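Colleague: Hi! Could you walk me through this one? I'd like to start with the charged pairs.

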Amino acid sequence: MDLEARKIEFVQEFLKLQSEEAISRLEEILRKERKFIEKRKFKPMTQDQLNKRIEQSESDFQNNRFKSSSELLAKYK
């Protein structure tokens, strides 16, 4: 059985569930799986990448390419 067929079968069985407790447990498993997947996607910067970002930020600041915190706050009010 391929992945798509398994998903369809799972959803069909899920829709038959009448137990709120079972649904809550499955929701919790899904939340944990999403968090696990997100953690795996995270890749920390290398020291070189960090230094390049710092240099770019400093250059942006020196060349007046930035917004003040009050400008940012005003944008979201």
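Modeller: Happy to! Keep in mind that this is a predicted model. Searching the whole structure turns up seven salt bridges.

Colleague: Which residue does Lys7 form a salt bridge with?

Modeller: Its partner is Glu4, and the closest N and O atoms are 3.6 Å apart. Both residues sit in helix 1, three residues apart, which is about one turn of the helix.

Colleague: What about Lys41, what does it pair with?

Modeller: Lys41 forms a salt bridge with Glu38, with 3.5 Å between the closest N and O atoms. They are three residues apart in helix 2 (residues 20-41), so about one helical turn separates them. Lys41 is exposed, with a relative accessible area of 55%, while Glu38 is partly exposed at 48%.

Colleague: How far apart are the closest N and O atoms of Arg65 and Asp60?

Modeller: That salt bridge has them 2.8 Å apart. Arg65 is partly exposed, with a relative accessible area of 46%, and Asp60 is also partly exposed, at 21% relative accessibility. Buried would mean under 20%.

Colleague: Switching topic: which residues form a nonpolar patch on the surface?

Modeller: Phe10, Val11, Phe14 and Leu15, with about 390 Å² of accessible area together. Val11 lies in helix 1, which covers residues 3-16.

Colleague: Why does Val11 count as partly exposed?

Modeller: Because its relative accessibility is 43%, and exposed would take over 50%.

Conventions. Residues numbered from 1 in each chain as written. Predicted model: local features only at pLDDT ≥ 70, side-chain atom pairs only at ≥ 80, totals over all residues. Heavy atoms only, no water. Patch = residues over 30% accessible without salt bridge, like charges linked within 9 Å, V, L, I, M, F, W, Y side chains within 5 Å. Areas by Shrake-Rupley, 256 points an atom, 1.4 Å probe, with all protein chains shown as cover. Salt bridge = Lys/Arg side-chain N within 4 Å of Asp/Glu carboxyl O. Helix = DSSP H or I, 4+ residues; strand = E, 2+ residues; numbered from the N terminus. Buried < 20%, exposed > 50% of the residue type's maximum accessible area, 1.4 Å probe, protein only.
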